[in-house]
Amino acid sequence: MKWTRICNWIAGFCWLTLAVPSAGAAIDGIPGPTFNLTAAADTISMPDGGSVPVWGYGPEGSRSQYPGPTLIVNQGDTVTVALSSEIAVNGTPVPTSMLFPGQTGVTASGGSEGLLTRESTGPDDPVTYSFVARRPGTYMYHSGTRPDLQVEMGLLGALIVRPSQGAGLAYNHADSRFDHEYLFLLTEMDPALHEQVAAGNLDGVDTSAYYPMYWFINGRAAPDTMAPAGASWLPTQPYNAMIRTRPGDTMLMRIVGAGRDLHPFHHHGNNTRVIARDGRLLQSAPGAGADLAYSEFTIKTVPGATYDALFHWTGRKMGWDIYGDAPHECNDGDGDDFDDSTWEYCPDHGEPFPVQLPEAQELAFGGQYSGSPFLGTEGSLPPGEGGLNEYGGFFFMWHSHVEKEMTNFDVFPGGMMTMMVVEPPGTPIP
Amino acid sequence: MERILWPCRTALAVAIAAGASGTALAGVTVQCPGDQNGDAISDGRGDPDHPNARCVHLGAGDGYVRMADGRPLYMFGFSDLTGISEKKAMDTGMLAATFPAPTIVADEGDELYLTLTNVGMAVRPDLFDPHTVHYHGFPEASSIFDGVPEASVSINMGSSLTYYYNLVEPGTYMYHCHVEATEHMQMGMLGNLYIRPIQNRLPDGTALGTHVHSNPDYNADRNDDDPTVGDTYAYNDGDGSTRYDVDYAIQLGSFDPAFHDASETTQPLPFAYMEDRYAMLNGRGYPDTVSSTPPQAPAENGGIESQPLDSLIEAQQGERILLRLSNLNVTNFYTVSSQGIPMQVIGRGARILRGGGTPDGRDLYYRTSSVTLGGGEAADVLLDTTGIQPGTYFLYTTNFQYLTNNGADVGGMMTEIVIN
């Protein structure tokens, strides 16, 4: 069997030995503390070719989007969100609003009085919300006007409060340190309700007859979850969920249960440490660190709840050399069993691959298979196979384990699914 | 590349007959260190380079099961081919799928070699689907042995793929096929999998905090030390707090009969309208869950007993029962409740329930009377029967609509706990 090494691996290795840090992945969104949003009707595109009418929040002057913009602020900021509703059904303006669960002392001014908060009843009636972002963490926001319908229609989004102790931390404790962070905002949709609204039947919509047919991560259903962020063909779904990390890096998952169903979110590759829930570090006392964190391979995501989890992968104790016969060294100067730059697990260095793989004609190949079991290596593949694995990374599926939710309107595969890649050391991310 | 395995003689013969190169594998090929005749059982003292090899040979194909109301359902699934010669594997595996799949039990420190042979689907020859094994929850995974077809390889009909895993984390896992996951999992390619901790093998008399470990058959050669003799634990707890006397792996599952019938009759599959109506424990609905005899073998698979596992939980008063609960249905969250016997949750996600999932973490055990699991979730639950009056108790779902077999009550996701 012939293995060919790809240049990226060597290039990446050089990156590290030259100690040039690669910037980590950050979450797409808009910075605060002042936000001017409009709510408007638009449509989203589905991978099965369908489109769904939605209502969404968007930056003033831009199309609305699903989910709404991820609002990113700093702890201690006085956050101000101005909202105007441009939603109308049969020519009649539809009032809408915003709630900020997990925030305290939210004030609303302008607009018109509503049940849960003040509302914008139209373009000429803006409402302004203001609060101090006291606690760091992962939060959501959503409509407080007829929420059973409006949240389903798409009026929701994520809010991230960065801690005062600075970048690279989720909370004000070293236990929350990360190199990369990704958002997993989980929702689902019943397109029949949306069609009724689009047809102007606002009073006839029965949200209790809800039967979801689409499932989303960050507003996209697979395989669109893996398309680039800001893809031109998905103008109202700007956020993706293409998750990438490297051996030894720590990745922060910010999971938001933003829909109405529970989802068991299964992340292949390794257990995570769930360090926070609803914007609160899982700690026994202030300053104790995440001593109440738990380890999981499937995170039970409850509607309205958020979870912060840390993912870390090295291939430790796999029992075989993950770089195979590619020329490489394992230099463990600090005695932690890992190479000091590549995070290779040195006791496995040089250990042969434990089994023989069958001949090509006996196998079916995945598009994200590099042709080699080794990290950073590309092997030979039959014509037309592979091709979706640029750096020879290890791909793992991250998805709802209610596998029914891995479909798009009766078509498998799709839905609440994406891939996470452990790229070879030194691969530039993003 | 240096090879550490000797392909067994028959495999080599097949490979040569197929005109492949000397290192090529073809057809049904078991890879198991120390196994010379291809039955996935080490011969003699095994391979000295791999003294802790544990081998399993599974077939992936189709079959039939009988629901508790008597109705046969078509299914996809795994069969146990361990101990069967390579020559007979295809014939033995055909239509022999069981539900749940054969339970895989191994020990921390084992090297697990699992050979998967795709025996084809006799009732749906039009599908020619490949299959995989996904070890759900195994940590520090590699793509090649993770069983996700998009990210690696899957095995075609008539051939074998061997998965390797170095077992370093004890706990309650599960496994399933990941090819066309929604379909193959609804169809039944699901099984129990758990790894026993190395703490079971400590020398007799070892102090674990205030607990003194018992291991009367202790032997420094682990192959002569039965890990089930003496004290047994769910995890390497360091203090005996996860010690149990009897353990039961119980997998929650459910089937949508309309989906299975559509598959059997080559009709479009109802993904969007999938609604499970047979809720089960270890592949049976109540009262079959407590029957020591399997449900009547379906005629459709030639009379193969395809539901070998009951879920009757039995213990002597005062004993500690470990429930290794997992959920692998593809539509619902299920809550199971133990009536009359308090539950103590000591593990989740195949880790001890302590801060960070490590033995030295802060104690997060909790007492409860119910546990809720979505698909792909697992929990380890201790039932301490100290002071519990002898009698019959129940473990049942509190999603009460699933206490039926396709609407016929009382049945579904329920079993009995008998304290003697």
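How many bridges join β23(A) to strand β6 of chain B? Three bridges do so, and the two strands run antiparallel. Strand β6 covers residues 153–155 of chain B. Leu363(A) has Ile155(B) as its bridge partner. Two strands pair if DSSP finds at least two bridges between them. Strands (E, at least two residues) and helices (H or I, at least four) are DSSP runs, numbered from the N terminus.

The model is predicted: local features need pLDDT of at least 70, side-chain atom pairs count only at pLDDT 80 or more, and totals for chains, interfaces and linings use all residues. Residues are numbered from 1 along each chain as its sequence is written, and chains are lettered from A and ligands numbered from 1 in the order in which they are written.

Between the chains, 58 residues of chain A are in contact with 63 residues of chain B (C-beta atoms, placed from the backbone, within 7 Å). Elements giving two or more residues to this side of chain A include β17 (263–267) and β23 (363–365). β25(A) gives the most, with four residues. By class, this side of chain A has 29 nonpolar, 17 polar and twelve charged residues. Asp, Glu, Lys and Arg count as charged; Ala, Val, Leu, Ile, Met, Phe, Trp, Tyr, Cys and Pro as nonpolar; the others, Gly among them, as polar.

Chain B is assigned domain 1 (9–196) and domain 2 (200–419), with bounds from an automatic or database assignment. Their C-alpha centres lie 23 Å apart. The contact takes 41 residues from domain 1 and 54 residues from domain 2. On the domain 1 side, β8(B) gives the largest share, five residues.

Notes
Contact = placed C-beta atoms within 7 Å.
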